[in-house]
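Keep the 3D view open as you read.

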Amino acid sequence: MTSQKKATVVSSSVAAVLTLIKLVIGFASGSVAVLASAVDSVLDMFVSIFNYFAISKSEKPADKTFNYGRGKIEALASVIEGTIITISGLFLLYQAVKKAILGEVSQYLDISIYVMIISIIITISLVTYLNIIAKKTNSMVIKADALHYKTDVFSNLAVLISLLLVTFTGYEIIDVFVGGGIAIYIIYSAYELIHEGVLVLLDRAVDENLVEKIEEIIKANDKVNTYHLLKTREASNQTFVEVHLVFDCLITLMDAHRASDSIENKIKKLDEKREWIINIHMDPYDDFKMNDLHH
C-alpha cells in the first residue's frame with residue numbers, strides 16, 4: 001500500500017471515531033456547535049474514503065484508453081470534496097438559524113467540552129501526519145485532506161470556546177453565533193479546494209517560477225538556437241512538459257538528441273519528488289515563425 005493510500009485510511013479511521021463521539025454528544029447536548037463539528041466529521045469520513053478510491057484509480061499506469069494516465073481523478077476528487085463541504089456548511093448554517101428561532105437550550109456541556117479537547121488533540125496529530133505525506137508525495141488529494149482537517153482544528157477550537165462561554169454565561173446565542181460562524185468558515189475553506197481542482201482539470205500551467213527555471217535550462221544549452229511552444233501542466237504528482245527546440249540544421253541527430261537528454265535530466269532535477277513526463281520536439285529551423293506567417 002502506498003503512503004497516499006495509508007494516509008487516507010488513517011484519516012478516514014480517525015474521522016469515523018470522531019464522528020461517532022461527536023454525533024452522540026451533539027444530539028444529546030443540543031449544541032449547534034458540537035453538532036456542526038459532528039456533521040463535518042461525518043463528511044470527513046466519507047471524503048477520506050472517496051479519496052482512497054480516487055488515489056487508487058489515479059495511480060494506475062497509462063494505457064490504451066487513458067494515454068496520459070488517470071492523474072486528473074485527484075483534481076476531480078478535490079472539486080467533489082469542496083462541493084460536499086460547501087453543502088455541509090449550508091446545512092450547519094440552517095441548524096444555527098433554527099436554534100436561534102426555536103430558542104433551544106444546550107445540555108451536557110461538561111462532557112461536550114472534554115470531547116472537543118480530545119478531538120482537537122487527535123485532529124492536530126492527523127494534520128501533522130497528512131502534511132508530512134503531502135510534502136513527500138505532492139498529492140493533491142492528500143493536500144486537500146490536510147487543508148480540510150486543518151480547518152477542523154480551528155472549528156473545533158471555536159466550538160470549545162463556545163461551550164466554555166455558554167457554561168460560564170448561560171447565553172445560548174453564543175453557541176448559535178459560533179455554529180453559524182463555523183458554517184461560513186467551512187464554506188469559505190471549500191472554495192480553495194474547488195478552485196484548485198478546476199484549474200488542474202483545465203490544464204493550468206505549473207508555477208511561474210518553475211516555468212522560468214525550465215526556460216533558463218533550455219537557454220543555457222549552447223546547442224539550442226531558440227525554442228517555442230513551451231507548455232506545462234500538472235495532474236496528481238505528474239508534471240507534463242512539452243517544448244519545441246530549434247537546432248542548427250547541420251547538427252547530427254545524435255548531438256541534438258544528447259542535448260535534449262541533457263535538458264530533460266536537468267529539468268527533472270528541479271524537483272525530484274515530481275514524476276516528470278517531458279516531450280521534446282526537435283526542429284532544424286524555427287518553424288513557429290513560419291507558421292505565424294502562414295496564419
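## Before we start

This is a predicted model, in which local features need pLDDT of at least 70, side-chain atom pairs count only at pLDDT 80 or more, and totals for chains, interfaces and linings use all residues. Residues are numbered from 1 along each chain as its sequence is written, and side-chain values use heavy atoms, leaving out hydrogens and water.

## A helix and what follows

Take a look at helix H6, residues 173-201. (Helices are DSSP runs of H or I with at least four residues, strands are runs of E with at least two, and both are numbered from the N terminus.) H6 has 29 residues and spans 43 Å from first C-alpha to last. That is close to the expected 42 Å, which is 1.5 Å times one less than the number of residues. After H6 comes Asp203, with a positive phi near 60 degrees.

## Salt bridges

The whole structure has seven salt bridges, each one a side-chain nitrogen of Lys or Arg within 4 Å of a carboxyl oxygen of Asp or Glu. In one of them, Arg274 pairs with Glu234, with the closest N and O atoms 2.5 Å apart. Arg274 sits in the loop between helix H8 and strand S3 and Glu234 in strand S1, so the pair ties together parts 40 residues apart in sequence. Both residues are buried (under 20% relative accessible area; exposed is over 50%, partly exposed is in between, using a 1.4 Å probe and protein chains only).

Glu264 also bridges to Lys268, at 3.3 Å between the closest N and O atoms. These two are four residues apart in H8, so about one helical turn separates them. Lys268 is partly exposed, at 32%.
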